[in-house]
Amino acid sequence: MAKPFVAGNWKMNTSISEAIKLARALRPALSGIDGVTRVICPPFISLAGVSAEFVGSDIKVGAQNMHSEPKGAFTGEIAGAMLKDVCDYVILGHSERRQLLGEQDDFINAKVRAALEIGLTPILCVGETLDQREAGNAGTVVEGQLQGGLRDVSAEDIGRSVVAYEPVWAIGTGRAATPEMAQEMMGLIRYEVARLSHIEIAGNVPLLYGGSVNAENAAELAEQRDLDGALVGGASLKADDFAAIAKAFATRA
Ligand code: PEP
């Protein structure tokens, strides 16, 4: 069974000073929650500062994106090697980047491979839109995103990755998937990850649900068999709420 895992995606929120303040509130709130990997993903500009706040704790830091190329003429972009100095994780393929910035599976796959090569753990996000779900295509879409995102990634490297299922219609809407709905898709994702790697490897890959997770609904989501944790947007900006979510998943351990 994968170790429980919660990650907070701050998105494009917090100034540098606000980020430090939030990190200072999170450190005591998250300490002592054993058996759950806790990862905070602030904006690029606050990565170093937030990382410094967590030195000496077991709270980890992640970036929200990276480029697939190691360096060069990519104005405004950030390479994996730059991130490696300040964090351990990187969110890739978030639906906001897929939808608003046109990121496609090929590019996301190149980033996943670059992240693994440099020693960062990718948190690969997949998830269907409302139209795709209503058309009965949710499973096919998610399978396709997994196959695309993990193409040419070795079984061993898949075992070093994290997958987040984030239905687009649930992100930031206050309308989370029901625990049953989330479990149904998680089962399918576990199966697909096993097919792309090995059944024993897939069992240890943390599968996160994301989409309007909060302090109230985390416990029943955490009861689902294939739901190892959560990728949290809005509620991760409140230290107590994020800590409550981490505690809900700690009871799985
Ligand atoms: C996210 O951005 O990854 C997310 C899940 O957002 P929210 O929790 O706000 O729905």
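**Entry 1: the second largest pocket**

I looked up the second largest pocket and noted a volume of about 190 Å³. Lining it are 17 residues, and G172, S212, V213, G233 and G234 are the closest to its centre. By class I recorded five nonpolar, 10 polar and two charged residues in this lining. The model is predicted: local features need pLDDT of at least 70, side-chain atom pairs count only at pLDDT 80 or more, and totals for chains, interfaces and linings use all residues. Residues are numbered from 1 along each chain as its sequence is written, and side-chain values use heavy atoms, with hydrogens and water left out.

A pocket is an open set of points on a 1 Å grid over the protein atoms alone, where a 1.4 Å probe fits, with protein on both sides within 12 Å along at least five of seven lines; lining residues have an atom within 4 Å of a point. Its volume is the space filled by probe spheres set on the points, which are joined across faces, edges and corners. Ala, Val, Leu, Ile, Met, Phe, Trp, Tyr, Cys and Pro count as nonpolar, Asp, Glu, Lys and Arg as charged, and the others, Gly among them, as polar.

**Entry 2: the ligand**

I found that the ligand sits in the second largest pocket (more than half of its atoms lie within 2 Å of the grid points). Around the ligand I listed 14 residues, the closest being K11, E166, G172, S212 and G233 (a heavy atom within 4 Å). This shell holds four nonpolar, eight polar and two charged residues.

I then looked up polar contacts (pairs of N or O atoms within 3.5 Å). An N or O atom in the side chain of E166 is 2.7 Å from an oxygen atom of the ligand. For G172, a polar backbone atom is 2.6 Å from a ligand oxygen.

**Entry 3: the largest pocket**

I noted a volume of about 450 Å³ for the largest pocket.

Definitions and conventions: A polar contact is a pair of N or O atoms within 3.5 Å; within protein, one must be able to donate a hydrogen and the other to accept it, and residues adjacent in sequence count only if both atoms are side-chain atoms.
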